[in-house]
Amino acid sequence: MKSSAFDLESFAQTVYRKCDCCKRVRDIYFCLNIRDAKSAQMLVGSLELCKSCGENIGEITNTDASTERTVTEFHFE
C-alpha cells in the first residue's frame, strides 16, 4: 500500500522531543511528510516520529524505515 502521498524520511541527527504519534518524549528519528491526496505535489503537513512509530509507519506504507547506516568509506590518518 505504498502511496506517493506519504514520504517517510530519516533525520541525519536525532532530536530528543515528543513524538507526534505516541506522544512520548523520545529520540526522533523520522519525519513523515503528508502530501495532497489528489496531486501528491503540495505538502499538507508532517509528523515527527520516534523509532518504533517510524518503523510501524514504514511497515504500513511498505517503506524502508531503517535507522542503521553503513559507513562505506573510512580512512586511518
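In the predicted model, C31 has E48 of strand 3 as its bridge partner. L32 is likewise assigned a bridge partner in strand 3, namely L47. These pairs belong to the contact between strand 2, which covers residues 25-35, and strand 3; the two strands run antiparallel and are joined over seven bridges. Strand 2 is also paired with strand 1, again in the antiparallel sense, over nine bridges. Within the sheet, V15 stands opposite I28 of strand 2. The hairpin of strand 1 and strand 2 has six residues between the strands, and K23 in this hairpin adopts a positive phi near 65°.

Taken together, the three strands make up an open, antiparallel sheet with the order 1-2-3. Strand 1 (6-18) and strand 3 (43-50) each have a single partner strand and stand at the edges, so one side of each has no neighbour in the sheet. The average angle between neighbouring strands, with direction ignored, is 25°. Helix 1, formed by residues 51-61, packs on this sheet and touches strand 1, strand 2 and strand 3. The direction of helix 1 makes about 125° with that of strand 3. In general, the pairing of strands in a sheet is through backbone hydrogen bonds, in either a parallel or an antiparallel arrangement.

The largest nonpolar core consists of ten residues: L8, C19, I28, F30, L32, L49, C50, C53, I57 and A65. At least two residues of this core come from each of strand 2, strand 3 and helix 1. The largest contribution is that of strand 2, which gives three residues. One of the core residues, I28, has contacts with F11, T14, V15, R17, K18, C19, E48, L49 and C50 when residues up to four places away in sequence are not counted. C19, L49 and C50 on that list are themselves members of the core.

D27 also lies in strand 2. The relative accessible area of D27 is 35%, which classes the residue as partly exposed, since that class lies between the limits of 20% and 50%. With residues up to four places away in sequence again left out, D27 touches T14, V15, Y16, C50 and K51. A5 is 22 residues from D27 in sequence, and the C-alpha atoms of the two residues are 25 Å apart in space.

At the level of the whole protein, the secondary structure amounts to one helix and three strands, arranged along the sequence as β-β-β-α. The radius of gyration is 14 Å, well over the 11 Å given by the globule rule for 77 residues, so the protein is more spread out than a compact globule. Along the principal axes, the C-alpha atoms fill a box of roughly 50 × 30 × 20 Å. Of the 77 residues, 23% are buried. The accessible surface comes to about 6000 Å², and carbon and sulfur atoms account for 50% of this area. Among contacts between residues at least 6 apart in sequence, 44% link residues at least 24 apart.

Terms used:
Residues are numbered from 1 along each chain as its sequence is written. This is a predicted model: local features need pLDDT of at least 70, side-chain atom pairs count only at pLDDT 80 or more; totals for chains, interfaces and linings use all residues. Side-chain values use heavy atoms; hydrogens and water are left out. Two strands pair if DSSP finds at least two bridges between them. Helices (H or I, at least four residues) and strands (E, at least two) are DSSP runs, numbered from the N terminus. Axes are lines fitted to C-alpha atoms, for helices over the stretch in contact, and angles run from 0 to 180 degrees between N-to-C directions. Contact means heavy atoms within 4.5 Å. A nonpolar core is a set of buried Ala, Val, Leu, Ile, Met, Phe, Trp, Tyr and Cys residues joined through side-chain atoms within 4.5 Å. Buried means under 20% relative accessible area, exposed over 50%, partly exposed in between (1.4 Å probe, protein chains only). The radius of gyration is taken over C-alpha atoms; the globule rule is 2.2 Å times the number of residues to the power 0.38. Accessible areas come from the Shrake-Rupley method with a 1.4 Å probe; for residues, only the protein chains shown count as cover.
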